[in-house]
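This report concerns a predicted model.

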Amino acid sequence: MIAYEQNKYPALGQLVEVDGKKMHVYTKGKGENTIVLLSGAGTAAPALDFEPLMDEMAKNNRIVVVETFGYGWSDTTNKDRTVENIVEEIRDALNKANIEGPYILMPHSVSGIYSMYYANKYPDEIKAIIGIDCTLPQVVEYFNESVPTMPRYLSILAPTGIARLAVYMNPEEYLPNADKGTYSDNNLKVTKSIAAWNLGNKNIVAEVNEMNHNIDKTIDMSFPPEIPVMIFSEKDDKVTEDGKTIVSFYQTQISHLPSHKLIVLEGHHYLHWSRYKEISENVNDFIETF
């Protein structure tokens, strides 16, 4: 079925060679600014998941989705899912796709950790960072929480066909939670197929289980002052006993920056599923400030 579907649903963008494997880079729109969207852990088909947001932002900007190994139309890899490897693979993919920087990185969820590392290691390549409810290295320490892990046996789900069975029995669990019409029927059909290819594959499991080490490597980093940062946060009314909230956490991360903005939106952790128009408008406004 996977072989049949991969032939039936070819990649939307370019498949470039990175470390002897294929990585998918999908580009839409034109403009002075190149915005690179990076997905959260477990997002089976990032190029499809970001589609409504891409369509909006591509009216004024060049939008790029890099599907890292194990996601979307990209291959899987045997290389460790360290922050160093992932960032170098992203840089290599952009270079092979002839997409020149500097970039505005737009990470969702765990990709916030990779963006923090990227901004510190290669600040000249980054024009700004705009996070979508992004995970930052200090969040675990701030809330005194543990890092999630995944059992390694989950990596058998896709090759044994269990993933396909799960997706077809409960498709709503693996599709965007958005108003009808936000995503096309074809988008949802292909997303469902790619979820069956990738659900819990070895790279996704390894990435989640490497998160603790990746946080350790970046825990002492902060956003460089010369890089503007805007963060979209999901509204969360949870307050710890000592008065900490997700908003107060993000403020500790960006308040030192000359150019920063924090926007709180109602919605799911995947804010771009439903708030893509507001996100796009605010992105364009923020870009004008620098």
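## Helix H5 and its cover

Helix H5 (111-121) is mostly covered, with 9 of its 11 residues buried; buried means under 20% relative accessible area, exposed over 50%, and partly exposed in between (1.4 Å probe, protein chains only). The buried residues of H5 are Ser111, Gly112, Ile113, Tyr114, Ser115, Met116, Tyr117, Tyr118 and Ala119. Their cover includes the strands E3 (34-38), E5 (103-107) and E6 (126-132), together with H4, H10 and H11. Contact here means heavy atoms within 4.5 Å, and helices (H or I, at least four residues) and strands (E, at least two) are DSSP runs numbered from the N terminus.

Residues are numbered from 1 along each chain as its sequence is written. In this predicted model, local features need pLDDT of at least 70 and side-chain atom pairs count only at pLDDT 80 or more, while totals for chains, interfaces and linings use all residues; side-chain values use heavy atoms, with hydrogens and water left out.

## Cavities

The structure holds 2 cavities of 30 Å³ or more. On a 1 Å grid over the protein atoms alone, a cavity is a set of points where a 1.4 Å probe fits but cannot get out, whereas a pocket is an open set with protein on both sides within 12 Å along at least five of seven lines; lining residues have an atom within 4 Å of a point. Grid points are joined across faces, edges and corners, and a volume is the space filled by probe spheres set on the points.

The largest cavity has a volume of about 70 Å³. Its lining includes Leu38, Val66, Ile90, Ser111 and Tyr114, and the elements that give two or more residues to this lining are helix H4 (83-96) and helix H5 (111-121). By class, the lining has 6 nonpolar, 4 polar and 1 charged residues; Ala, Val, Leu, Ile, Met, Phe, Trp, Tyr, Cys and Pro count as nonpolar, Asp, Glu, Lys and Arg as charged, and the others, Gly among them, as polar.

## The largest pocket

About 600 Å³ of space lies in the largest pocket. Of the 25 residues lining this pocket, Asp133, Thr135, Val139, Ile246 and His269 are the closest to its centre. Helix H6 (139-143), helix H10 (202-218) and helix H11 (246-254) each give two or more residues to the lining, which by class has 13 nonpolar, 7 polar and 5 charged residues.

## Salt bridges

The count comes to 12 salt bridges, a salt bridge being a side-chain nitrogen of Lys or Arg within 4 Å of a carboxyl oxygen of Asp or Glu. Glu89 pairs in this way with Arg81, the closest N and O atoms being 2.8 Å apart. Both partners are buried: Glu89 has a relative accessible area of 1% and Arg81 one of 2%.

Glu266 and Lys235 form another salt bridge, at 3.3 Å from N to O. This pair links distant parts of the chain, 31 residues apart, with Glu266 in the loop between strand E8 (260-265) and helix H12 (276-288) and Lys235 in the loop between strand E7 (229-234) and H11. Glu266 is partly exposed at 47% relative accessible area, and Lys235 is partly exposed at 41%.
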